[in-house]
Amino acid sequence: MDAMRAQEIVDSAKEHNVFFNGTRVWIQHVDSEMDTARVFPAKDPEDEMTVPLDQLQEQH
């Protein structure tokens, strides 16, 4: 996923299906300079992690 799309998802009020390593996640913050995103699993909001943007996948 590119930084622009990730930021669109963050800014959207709509729910999106974004996955990291097969786990559905919520994007909390996008760092376009580092090409990373701060995410947390939908089922475990306490488990925040920073992941490379290219490892996030959106499913429609």
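## Hairpins and strand pairing

Asp-35 takes a positive phi near 55° in the hairpin of S2 and S3, which has four residues between the strands. The model is predicted: local features need pLDDT of at least 70, side-chain atom pairs count only at pLDDT 80 or more, and totals for chains, interfaces and linings use all residues. Residues are numbered from 1 along each chain as its sequence is written, and side-chain values use heavy atoms, with hydrogens and water left out.

Strands here are DSSP runs (E, at least two residues), and helices are also DSSP runs (H or I, at least four), both numbered from the N terminus. Strands S2 and S3 run antiparallel and are joined by six bridges. Two strands count as paired if DSSP finds at least two bridges between them. Trp-26 stands opposite Phe-40 in S3.

S1 and S2 also run antiparallel, with three bridges. Phe-20 has Thr-23 in S2 as its bridge partner. The hairpin of S1 and S2 has two residues between the strands, and Asn-21 takes a positive phi near 50° there.

## Nonpolar core

The largest nonpolar core has 13 residues. Such a core is a set of buried Ala, Val, Leu, Ile, Met, Phe, Trp, Tyr and Cys residues joined through side-chain atoms within 4.5 Å. Ile-27, Val-39, Leu-53 and Leu-56 touch the most other members. Helix H1 (3-11) and strands S1 (17-20), S2 (23-31) and S3 (36-41) each supply at least two core residues.

Leaving out residues up to four places away in sequence, Ile-27 touches partners including Met-1, Ala-6, Val-18, Val-39 and Leu-56. Contact means heavy atoms within 4.5 Å.

## Thr-36

Thr-36 is found in strand S3. Thr-36 counts as buried because its relative accessibility is 18%; buried means under 20% relative accessible area, exposed over 50%, and partly exposed in between (1.4 Å probe, protein chains only). Beyond four places in sequence, its contacts include His-29, Asp-31, Thr-50 and Pro-52.

## Salt bridges

The whole structure holds four salt bridges. The criterion is a side-chain nitrogen of Lys or Arg within 4 Å of a carboxyl oxygen of Asp or Glu. Arg-5, Glu-8 and Glu-58 are linked in a network. Glu-8 and Arg-5 have their closest N and O atoms 3.0 Å apart. Both lie in helix H1, three residues apart, about one turn. Arg-5 also bridges to Glu-58, at 2.7 Å between the closest N and O atoms. Arg-5 lies in helix H1 and Glu-58 in strand S5 (residues 56-59), so this pair ties together parts 53 residues apart in sequence.

Arg-24 forms a salt bridge with Glu-15, with the closest N and O atoms 2.6 Å apart. Arg-24 is partly exposed at 24%, whereas Glu-15 is exposed at 52%.
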